[in-house]
Structure formats: C-alpha cells, structure tokens
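Here are my notes for your first look through this one. Keep the viewer open and go point by point.

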Amino acid sequence: MQRIGVFVCHCGTNIAATVDVKKVVELVRFEPGVVFADDYMYMCSEAGQEKIIAAIKEHDLTGLVICSCSPRMHEKTFRACAEKAGLNPYMVEVANIREQCSWIHKDREEATEKAVILARAAIAKVNLNTPLQEGESPVTKRALIIGGGIAGIQTALDIADAGYEVDIVEREPSIGGRMSQFDKTFPTLDCASCILTPKMVEVNQHPNITLYTYSEVEGVSGYVGNFDVKIRKKARSVDMSACTGCGECQAKCPLGKMGKIPSEFDRGLRTRPAIYMPFAQAVPAVPVIDRENCTYFKTGKCGVCAKICPSKAVNYEQEDEIVTVKYGAIVVATGFDIINLDKFGEYAYNESPDVITSIELERLMNASGPTGGHLERMSDHKQPKDIVFIQCVGSRCDDEKGKPYCSKVCCMYTAKHAMLIKDHWPDTNITVFYIDVRTPGKNFDEFYRRAVEQYHVNYVKGQVGKVIPQPDGSLLVQGVDLLDNKQIMKKTDMVVLAAAVEPNKGVRKIATMLTASIDNNDFLTEAHAKLRPVESPTAGIFLSGMAQGPKDIPETVSQAGAAAVKVVGLLAKDKLKTNPCTAKCDPMFCNGCSTCANVCPYGAITYEDQQVRGPGVNETRRVAVVNNALCQGCGACTSACPSGAMDLQGFSNRQITTEVDSICR
Amino acid sequence: MQGLIDRLTALLSDGTVARVIGWKKGDMAYNPEPHMFETAESLKDFVYDGFCGANLSKMMIEASKLEGKTAVCLKPCDTYSFNQLIREHRVVRENAYIIGVGCRGKLDIEKIKKGNKGITSISGTELDGSDDIKIETIYGDKNISYKDALLDRCHVCKGKDHMIFDEVWGESKDTADQERFAEVEKIEAMTPEEKFAFFRNELSKCIRCNACRNVCPACSCRKCIFDNTKFDAQQKANVVSFEERMFHIIRAFHVAGRCTDCGECSRVCPEGIPLHLFNRKFIKDIDKFYGEFQAGKDPEAQSPLTDFTFEDIEPGERG
C-alpha cells in the first residue's frame, strides 16, 4: 500500500476563489492510501516545496498528489522536489484543478466537487504508480532546416555560426523564398534583394551549411536528438559541379521565346524557358530543367541546351536521388503563400488582368520584374493613373471562403506600395479601402501616417462590394465609405488585392511526417503560446517564420534567431534524458500478431522468439520487444494491442481505467 | 463425400499429413462437430454436408504447433479467416495442408425446425445433393427447398473462390442474393433512441456463455482480456449489467479491421443475438472511410485501421 500525501494549492486566488481548498483537503484525507493532506497558498514556491519535503520525511510518504495548475506548468518542479526528498520523481501525480477546474467554473460548489473528483482520480493512479528510471540517448550534432526562405536562412546561419552543421532543404531550385520576390521592405524601404542576397551568398559559402535545393523531405523517423530524414533530391538535369551558371542554356531554350510556361517566380506575369533559374541572383546559380514542359523530355527531340552548354553540364539521364541523413533537431520554416482567390469572384481577379494581388504588384514594381520596374497595366501596358487597394481580402473573414485571422502584414505593405508609387509617379491617385489600419510595431504607425499625411493617399474606411470590368478597359469599383455613410462608385485603372496569407500547402504533409501539430488554419502550433513560442509540442521540432503564424520580416528574423538558440541548446548536449514512460510487453499475453509493430510510428517494436514460462505455459513463441531508446511513449501500441499485452509504463491500462472508475464512482 | 474421405485417407496413409481437421457425425443429422482425426480408421465418422457450417480455421492455431502437417477442410469463406490468422502470425502456413472444400451454402437448422416438429432424420444436404432436402419427422416426411433453409450469412456469400488452398475438393456456388449491408443500413436509419432500445433488447438476452468469443477466429488471443485478472474488465463485465452489454461492443472493437465477417458469432449464439451486425457496421464504415477492404482476402494487405497513409480522412470529415 502506498503512503500518499495530497497537497492542494490555492494559487493565490486563481484556485481558491472558486474552489474551497480546505474542503478538498478534508474530503481527500480519507481516500485509500492517503496518509497526509494539506493546503498552501503557493505550492510551487520555495516555502511550498519545503512543506512537501518535510511531509515526505515526517510521514514517510511513498507517493504525492499535487492539486494545482496544469502539469505542463509545474510537474517538473514537483518531480524535482520529490527527488530532493529521496522519492522517485515518477511517484508524483498532478491533478489539474486550475485550468481544468477553477478557471472554467463559476459555481463554487460545483468547482469544489470537481476538484475533489480530479484529486481522487490522481490518488487512485498514484496507488498503482511504480518508480521509473530515466534512460539516456545520444544527440546527433546536426540540424535540418525545412524551407530556405528568410526564416530558414537566418536560422541556419545562426546555428552554423554557433559551430554546428546545418542542412537546408528547399523545394524550389533556389533559396530565397518569398522575400526574394519583394521589391522594398517596410518600414525602412530598403530593397529586399539588397538585404537578402548577402545572406543567401553567406549560406552558400558557409562551411557548416549544406544546401539541398530542388529537394523535398520524403520521410522522417526517429526522435529528438536522433532523427533519420529521407531527402529526395529531384533530378535537376544539370550537373551542379560542372555548371558555371553562365545562362547560355536559358537564353537559347526554344521554349523561352514561345512564351508558354508561366514563371512561378513572377507569379505568371511573364514566361520562362524550360531550363531556367528562377531569378538572376538564384543560389545556387544552377538552372533546372522543368521536365513536364521540356520538349526533349516530352518528345525526345530538341536537346539544344545540352548542345550549347560550354561546360557540358546538361544531363538528361540524371535521376532523383534519395539520401538519408541523421539530425538532432529539425526546424520547420516552410513559409507561406497567399490564398487562392477563386472564391472571391466579386473582385473580378480571374476576369481582369488589371486586378492583381499585392505579390504581383511587388513583381511589377521590381526592377528585375517583368516590366523592369515600370508600373503598368497588364492589359494595355499603360501606366495606371488611378489605383484602388482593397484590404482584408480573405483575412478576418467570418465565412468559410476566407481565413478568420488577420494576415498582419497587409496594412504595412499597402502603405509601402502607395508611397512607392506616389514617389515615382506623384500624380497617381490612390485609394485604399480598409476595415482597420493595424500598425503595431516599431516605426510602423509613423510609416502609415506618412502615407496619409505626406503622400495624401486616400484611405476609405469601408469595404468594396464589387469590381466590375468596363468595356472601355477601366474598372468600376463599388464600395462604401462607413465614416461618411455613403456609397462609392469609382472608376479606376487598377485594383490591388491584399489577399490573406496562409501556410504553404506542403506544410500539412511535413507536419504529419514530423508528428508536429498544426491548428485549424494549418499553422504549426507552439509548445506553449507564450512561454515556448518557437518549439513544437513534439520534442526536437522547432518553428521559424510564417509557418507558425503571420509575421513580417523583422519578426521572422527574430523568431529565426530564437529557434536557432533552442536548436543550439539541444545540440550542445551530449546526452538527452529519455522519457521512462515507454511501452512494455508482457510476453505471457502477447499473441505475436505484429499489430503493435504496424502502428508504431518510431519503429521501436521488433519481434523475437522467446521462451515463455508461466502457469500452464512453457514454450518458445514469437513475442514483441520494445526498444526503450526508440519508444516515445505515444501509446499507439497499447490501444492497438488486442490482448492488452502491451502496456505503457506510467500510464498503464490499469492506471487509466482506475482513474476513470474513480471519476465515475 | 466418399471421394473426400478417400482423399483424406490417402493423405493420412501416405504420410503427407499427420492428422485431419474436419467434421464428425453428431448425434443428430444436423449437428456434426469439429473434430481432429488422427487415424485413417477414425475417418469413418467423417462427415461433410449442409450442416458443416463451423469454421475450422481457428483450430489450426493449436494444430499447426504440432509435429507434422495437418490437413484442414476449409470452405471458401473460412479461407479468409485462415489468411487473417497467417497475417497475425497465429498459424504456421507450412504446417497446414488446406483442402478447399466446395460449398453451396450451409443450412440453418432453426429455419428447418420452424414448422417441422419431431425431426428424426434429414437427408439430401450433401454437396452433390438435390435442390430439395428431405425431412423425416414422427408426423411424416416432407421436402423443403435447400435455398430456403440457408443460413442468413450465406445470402451475403463472399464468393465461391478459396483464398488459399493446397487442393480443392468439390464445386462451390456463390449463394449471395442479398445486399451485404442492408441489415446495417436498416439500423443506421433508426433514431438514436431506437438504436439504443434495439441493442439493449438484443444484448439483454446474452447469457455470457462466451460461445461467440470462443468460436471467433479473430478472438484468438492467448488470454482474452475478459479472462485476464490483470485487468479490472473481467470482474466488472461479470457483475455490472451495463458492462455486460459493453462486452459485445468491446469485442467488436477488438476484432474491427480483422473480422472477415464469417458470421460464426451469430451462428453459434444460443440466444440468437445478431452479433454480426456490430462487425458488419465496422466493415461498412471501413469501406466508406478507407476504401473497400476485406480482411483475409490477401494475407499481406495492411488493415486500414492499423495503417496510416497521407490520404486517410481527417477527424471531422466523417460525414
């Protein structure tokens, strides 16, 4: 029989205001196994912990139940406290009577009753607890960054500078990501390429960084400190070591002149050849052949690029290569895209070439863009004299077609666009329809006010209901001015939509491979929204950039650095403590059916022929064996096992049923 | 039938197999019982007719541990169960010699007994018998159609092909003439209250004889959790009526994705509880959510419930 001590925390008034703490103490005192029960204002404080240690010694306690906040907050504290008093740390259970009780109840009586029930469940469990020992596992001192945008680049540089090896896997032929498409950056208006390309070059030259461009993560196994990642290096059809990046091939590709293949980098505003580098400063400066469109791959004829390549780098026979690399930590920096606008027919995006998205505008204003930086309408190549910006297209959207969140960057980049246009072409008339203008951030509101006060950009509070292309080539914008309370009908030359951002499409697959959780909008979730914002709840997985939520470049770079520090903190360790709550097979009951091995995401279960002896049994049979170093204690095997032979230490089937039973008592 | 006995005798005599698992004549015409024959002489009691509904694949779990090969007679639907047992490493394929016996559907004695009191003998139920079966009762003789007396499960027959065999004896017939999931759909159409009332009524008949579990080829755990003192489920299931009803639901969960829908549970239930409905509902849902899957069709195939693919539906998409 255990000798259990129950400690009920007031948490100031956090718990005590709703839960009658004294009553909880009185009621749990008589639960089976309980020999001591007490309450205290702050159990986690130094004094609170000393109270616990004293009670362990005085009452010879073998198990503890702490009724307090979520175990995510202080389980560690109380386990360490138990250990100090000579108790195995896994003899401690936390009953969460704050987040799951006092904070969500208003009625004191109800809350008190629930607190007692939760305590009872924890007490019932401790009665079945057994001491567990943590093991150790080694750490592979290499990190993987998925995504080579500004987030991935910065994280990689920071980790590499700390002395650890880093690999970047980038899906596109070049690193650089979204930022490489931008023209200028707010609020300082420095040129995006000018600040990004030095970082791209640095990544390329850094002795600790290896680039896998035009590559994708195909599979992940293992666990924190010991991930095995399969990377598919898609066939570039160009030999990386031979190519000098001279660009002859793209200049001569016959498809380049035919104008059939839309350039992804220029958002379809111009076309590209089948052998191409996405942009001039691409890193690596090695083109790829788009095999889906290349005439040689489609018909077997052509071969111009191979013929004219001075260094004989074009190789049509190249095949995808799969490499498996070991990593200690993985950073997800997969970035964002803007939403598809098919559901927003009212803005006529699919009807008129003069209705464009903000990213398209970035390309149109960029000196390296399709128009050489000259702003013009795609329909007649005339310079627009009147431009309407529509904010919150799909952001802060109540219904299914958009996103519920604020995309955070649109207000600022629209002010930027308006000012840049006014700078170049001061007589352009610019109107911005907005719901709110949101400018929290250093020098942000000053930036926006400059657009209004110095540049006289016409900001209209209200939304646009419809954009109607007119026979004369102009666009009729129907909107509302909420401050003047009047309808607006306005002819304009160009409409720019601030489309909502969303996580890159591939993130769902990557999150699944990593068992990293994502939210309803496919943004990766943090281990704790406030206290662990760059870590995934899955150990060893870290978050950087837009993949975690909307943010601008300064925020992305800060978060990238934060993620790098967390990775370095992990890689700096030689050994990691492993979770002792691993699965264990009872060979007496094991059928040897392999169901558990089939469901194990960590490949931790193997089978061997074992001599099994027990009442009425003495035979050699096939039984499951768990590798404790690989098992992460997810419990998938225990629920899949038909005979109940597989059990999770620390969360055994009996412990869980006894908890449920005591709640339902 | 004599041909089958001759073949089995030859297999025993020339040492190909050490024993035969088949059916032995019962005390009545309609209750042959599964039996392990170890000598050629004992095969004189071997029988194979319309009442040999029992699925013998489960007996191979123990038999395949024995020295030498065991011949086992499996009907087409039984071979699914055997494949499933191979998949779960419960039988050793090499130790089995599978005679795929022909089948033209098996008979439900309860259907025959209805309106026919005092049966003394039944004939014409062999594989090569006629379309009618002859019933002799103390009140006189009567012919009834073989088809009318088929077990319910034979009306949703999975087909006449054996999924695994070493040799086939006799011709089989696909007896399916009903929609497999019609019964399930009928229950799905009920309101939650009606469903609850329906199952509460059915399950209240349960006497916990464990026949369903003992006959089920998927219920082949070395130690059933309901017999295992390590868990509290055992005691609870025995004393609490709510838990007793849960017994069948827990059992259905345990065999989900592994059940081949052989229908033995319903066939052996002395209370006539339609237990197969639980399993068939799971099968229907698996088909709907993960694409058609028949457990035991292919011993290599991964069951959708213990497999994961990126195409799997997400929670909330279950419509």
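1. Start with two strands of chain A: β1(A) and strand β2 (residues 34-40) of chain A pair in the parallel sense over 6 bridges. Strands here are DSSP runs of E with at least two residues, helices are runs of H or I with at least four residues, and both are numbered from the N terminus. Two strands count as paired if DSSP finds at least two bridges between them. To find the pairing on screen, look for A:C9, which stands opposite A:Y40 in β2(A).

2. Before you go on, a word on what you are looking at. This is a predicted model, where local features need pLDDT of at least 70 and side-chain atom pairs count only at pLDDT 80 or more, while totals for chains, interfaces and linings use all residues. Residues are numbered from 1 along each chain as its sequence is written, and chains are lettered from A and ligands numbered from 1 in the order in which they are written.

3. Right-handed means that, with the strands pointing away from you, the path from the first strand over the helix to the second runs clockwise.

4. On to the next neighbour: β3(A) runs parallel to strand β4 (residues 92-96) of chain A, and 5 bridges join them. A:S68 faces A:N96 of β4(A) in this pairing. Between β3(A) and β4(A) the chain passes through helix α3 (residues 71-84) of chain A, in a right-handed β-α-β crossover.

5. Is strand β3 (residues 63-68) of chain A mostly covered or mostly open? Mostly covered: 6 of its 6 residues are buried. A residue is buried if 20 or more other C-beta atoms lie within 10 Å of its own, exposed if 12 or fewer do, and partly exposed in between, with C-beta atoms placed from the backbone. Both faces are covered, with A:G63, A:V65 and A:C67 on one side and A:L64, A:I66 and A:S68 on the other.

6. Now zoom out to the whole of chain A. The chain has 19 helices and 34 strands, and its C-alpha atoms fill a box of roughly 85 × 65 × 40 Å along the principal axes. Of its 665 residues, 46% are buried. Chain A is divided into domain 1 (4-126), domain 2 (142-234 + 320-335 + 504-571), domain 3 (248-308), domain 4 (337-502) and domain 5 (583-648). These bounds come from an automatic or database domain assignment. Between the C-alpha centres of domain 3 of chain A and domain 5 of chain A there are 54 Å.

7. Chain B splits into domain 1 (2-108 + 155-169) and domain 2 (182-306). Their C-alpha centres are 25 Å apart. In the contact between them, domain 1 of chain B supplies 16 residues and domain 2 of chain B supplies 12 residues. Two residues are in contact if their C-beta atoms, placed from the backbone, lie within 7 Å. Which element gives the largest share of the domain 1 side of chain B? Helix α3 (residues 76-87) of chain B, with 9 residues.

8. Chain B also has an open sheet of 5 strands in the order β2-β1-β3-β4-β8, with mixed pairing. Its edge strands are β2 (33-37) and β8 (167-169) of chain B, each pairing on one side only. Inside the sheet, strand β3 (residues 70-74) of chain B runs parallel to strand β4 (residues 96-101) of chain B, joined by 5 bridges. B:V72 sits opposite B:I98 in β4(B) there.

9. A second open sheet to look up is β5-β6-β7 (chain B), with 3 strands in antiparallel pairing. Here β5 (119-123) and β7 (140-145) of chain B are the edge strands. β5(B) and strand β6 (residues 132-137) of chain B pair over 4 bridges, and B:I119 has B:T137 as its bridge partner in β6(B).

10. Last, the two chains meet: the contact takes 15 residues from chain B and 18 residues from chain A.
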